[in-house]
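Biologist: Could we go through this model together? I would like to begin with the helices and the sheet.

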Amino acid sequence: MDRASMDARTAGDLMSTPALTARPEWGIVETARFLHERGVKRLPVVDETGTLVGIVSRTDLLRPMLRRDDAIRDEIVDDVLGRTLRMNPGGIAVTVRDGVVSLSGQVEDRSTIPVVERLCQSVDGVVSVDQALGYAIDDLAPAADPDRAAH
């Protein structure tokens with residue numbers, strides 16, 4: 001605590017000026033960066049007229065990322081594997097613990113593995129993705145050289 005704070009007698013003596021505020025239309029990332037850059041834990045949120053409409057805190061910004069493991073797993077199985085990649089979700093075992101996704105099983109093509117990883121990583125709440133996926137077809141292997149085979 002600095003000397004000025006110890007001698008303060010009013011809220012005005014303690015407050016920082018100018019007041020740091022957020023706008024209601026700011027995105028979560030923009031607001032989080034602003035908090036981090038300014039070293040503050042909370043921001044008043046004001047509308048275009050300067051009227052206070054709320055307070056946003058670091059905890060508020062983290063809440064959307066702190067999803068339950070079962071919700072993360074369901075989104076990966078249903079949306080990522082099922083709807084987006086149109087894969088048989090039964091071919092890949094998905095477990096989630098504390099936001100860490102573990103994938104095991106087999107996909108058809110080797111080139112699909114990094115796609116699955118990236119899509120899983122993009123799911124809100126995922127901390128990291130550990131995969132032990134096998135593949136049926138190595139579509140990334142260099143093709144055999146037909147000229148060399150003829151010799």
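This is a predicted model: local features need pLDDT of at least 70, side-chain atom pairs count only at pLDDT 80 or more; totals for chains, interfaces and linings use all residues.

Biologist: What is the strand order in the open sheet of 3 strands?

Modeller: The order is β3-β4-β5, and the pairing is mixed. The edge strands are β3 and β5 (128–137), each of which pairs on one side only. On average, neighbouring strands of this sheet are turned by 10° against each other, direction ignored.

Biologist: In which sense do β4 and β5 pair, parallel or antiparallel?

Modeller: They pair in the parallel sense, over 9 bridges.

Biologist: Which residues of the largest nonpolar core touch the most other members?

Modeller: They are Ile76, Leu81, Ile92, Val94, Val101 and Leu103, in a core of 19 residues. The elements giving two or more residues to this core are α5, β3, β4, α6 and β5. Of these, α5 gives the most, with 5 residues.

Biologist: Take valine 101. What is it in contact with, leaving aside its neighbours within four places in sequence?

Modeller: Valine 101 is in contact with Ile72, Ile76, Val94, Thr95, Val96, Val126, Ser128, Val129 and Asp130.

Biologist: Let us change topic. How many bridges join β1 to β2?

Modeller: There are 5 bridges between β1 (residues 42–46) and β2 (residues 52–57), and these strands run antiparallel. Arginine 42, for example, has serine 57 in β2 as its bridge partner. The hairpin of β1 and β2 has 5 residues between the strands, and glycine 50 there takes a positive phi near 85°.

Biologist: Now α3. Which of its residues are buried?

Modeller: In helix α3, residues 28–38, Thr31, Phe34 and Leu35 are buried. Viewed down the axis of α3, its buried residues fall within an arc of 95°, so they line one face of the helix.

Biologist: Why would residues three or four places apart point the same way?

Modeller: An α-helix has 3.6 residues a turn, and therefore such residues point the same way. On the other side of α3, Val29, Arg33, His36 and Glu37 are exposed.

Biologist: What covers the buried face?

Modeller: The cover over the buried residues of α3 includes β1, β2 and α4 (58–62). Following α3 is glycine 39, with a positive phi near 70°.

Biologist: Which residues other than glycine have a positive phi?

Modeller: Arginine 86 is one of them, with phi near 50°. Another is aspartate 98, at about 55°.

Biologist: Where are they placed, and are they buried or exposed?

Modeller: Arginine 86 is in the loop between α5 (69–84) and β3 (92–97). Arginine 86 counts as exposed because its relative accessibility is 73%, the cut-off for exposed being over 50%. Aspartate 98 is found in the loop between β3 and β4 (100–109). Aspartate 98 also counts as exposed, because its relative accessibility is 61%.

Note on methods. Residues are numbered from 1 along each chain as its sequence is written. Side-chain values use heavy atoms; hydrogens and water are left out. Helices (H or I, at least four residues) and strands (E, at least two) are DSSP runs, numbered from the N terminus. Buried means under 20% relative accessible area, exposed over 50%, partly exposed in between (1.4 Å probe, protein chains only). Two strands pair if DSSP finds at least two bridges between them. Axes are lines fitted to C-alpha atoms, for helices over the stretch in contact, and angles run from 0 to 180 degrees between N-to-C directions. The arc is that of the directions from the helix axis to the C-beta atoms. Contact means heavy atoms within 4.5 Å. A nonpolar core is a set of buried Ala, Val, Leu, Ile, Met, Phe, Trp, Tyr and Cys residues joined through side-chain atoms within 4.5 Å.
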